[in-house]
Amino acid sequence: GKAPFVGHSIEEIRSAQKSNALPVEQLDAARVPSRLKSLLKSMLAFEPAARPGIQELATSLRRCSAREIALEIAHVLFIDVVGYSKLSINEQQATVDELTQIVRSGEQFQKADAADGLIKIPSGDGMALVFYTSPEAPVRCAIEISRALKDHPSLRVRMGIHSGPASGVVDVTGRANLTGAGLNIANRVMECGDAGHILLSKHVAEDLEEFEEW
């Protein structure tokens, strides 16, 4: 909300810049995580050569975002295209694109995404949607997808849902990703089903029993 260096003249401003006394009190007041604070300081370096390049910056941001994600309970919807491996390369891409469009058009997806409570992870033959809103969110999303699929009879999809721990990691490509029992069990639950199935883990089923609607 203010210039990093101030002065009554150009000479005073240049002198303040060269002193490298960065005004980082805003970062402390906002409780910016230490990794991100160090990165921001490097971006404010007086000498351009000391600032990170775009590739280095992108990698550092991914590491910051993934490492700052604490181990927490995630509500996971795993979606898989049945018979994906039997499709041609072109058919595989078209099928995933069709499924992605259906998923993104759903109300639950858009609501969670707008609230910054959703992480989307592609899985080759489908995707995992990780909700941080409520245990009902992935179930409602799965029902919306199932209804939309009635207009796409050639798209054979199965889904699995589980709530469990998930944490951030940086994968071999340097990208931020998620791992944990929440995702693993949702995937196993899904693999027990066939086209048209929405399967819930016992844990999710017991959680939903607490809501009168279910």
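Reader: Why is Cys192 called exposed?
Author: Cys192 has a relative accessible area of 65%. Exposed means over 50% relative accessible area, buried means under 20%, and partly exposed is in between, with a 1.4 Å probe and protein chains only. Since 65% is over 50%, Cys192 counts as exposed. The structure is a predicted model, in which local features need pLDDT of at least 70 and side-chain atom pairs count only at pLDDT 80 or more, while totals for chains, interfaces and linings use all residues. Residues are numbered from 1 along each chain as its sequence is written, and side-chain values use heavy atoms, leaving out hydrogens and water.

Reader: Is Cys141 buried or exposed, and what makes it so?
Author: Cys141 has 1% relative accessibility. That value is under 20%, so Cys141 is buried.

Reader: How many disulfides does the search find?
Author: The search of the whole structure finds zero disulfides. A disulfide would need a pair of cysteine sulfur atoms within 2.5 Å.

Reader: Which class does Lys120 belong to, and why?
Author: The relative accessible area of Lys120 is 33%. This lies between 20% and 50%, so Lys120 is called partly exposed. Lys120 lies in strand S2. Helices (H or I, at least four residues) and strands (E, at least two) are DSSP runs, numbered from the N terminus. The chain has nine helices and six strands.

Reader: Which residues does Lys120 touch?
Author: Apart from residues up to four places away in sequence, Lys120 touches Arg104, Phe109, Asp113, Ala128 and Leu129. Contact here means heavy atoms within 4.5 Å.

Reader: What makes Ser201 buried, and where is it found?
Author: Ser201 has 6% relative accessibility, which is under 20%, so the word buried applies. Ser201 sits in the loop between strand S6 (198-200) and helix H9 (202-208). Ser201 touches Ile161, His162 and Val189, not counting residues up to four places away in sequence. Ser201 and His162 are 39 residues apart in sequence, with their C-alpha atoms 5.4 Å apart in space.

Reader: Which residues of H5 are buried, and how are they placed around the axis?
Author: The buried residues of H5 are Gln92, Thr95, Val96, Leu99, Ile102 and Val103. Down the axis of H5 they fall within an arc of 125°, so they line one face of the helix. The arc is that of the directions from the helix axis to the C-beta atoms. An α-helix has 3.6 residues a turn, so residues three or four places apart point the same way. Asn90 and Gln101 are exposed on the face of H5 turned away from its buried side.

Reader: Which residues of H6 are buried, and why are they said to line one face?
Author: Gln108, Phe109 and Ala112 are buried in H6. They fall within an arc of 100° seen down the axis, so they line one face of H6. Glu107, Lys111 and Ala114 are exposed on the other side. The cover over the buried residues of H6 includes H5, strand S2 (118-122), S3 and H7.

Reader: What makes a set of residues a nonpolar core?
Author: A nonpolar core is a set of buried Ala, Val, Leu, Ile, Met, Phe, Trp, Tyr and Cys residues joined through side-chain atoms within 4.5 Å. The largest one has 26 residues, and Leu77, Ile79, Leu99, Val103, Leu129, Phe131 and Ile145 have the most contacts inside it. H7 gives the most to this core, with five residues. A second, separate core of eleven residues includes Val130, Ala166, Leu178 and Leu183.

Reader: How many residues of the chain count as buried?
Author: Of the 214 residues of the chain, 35% count as buried.
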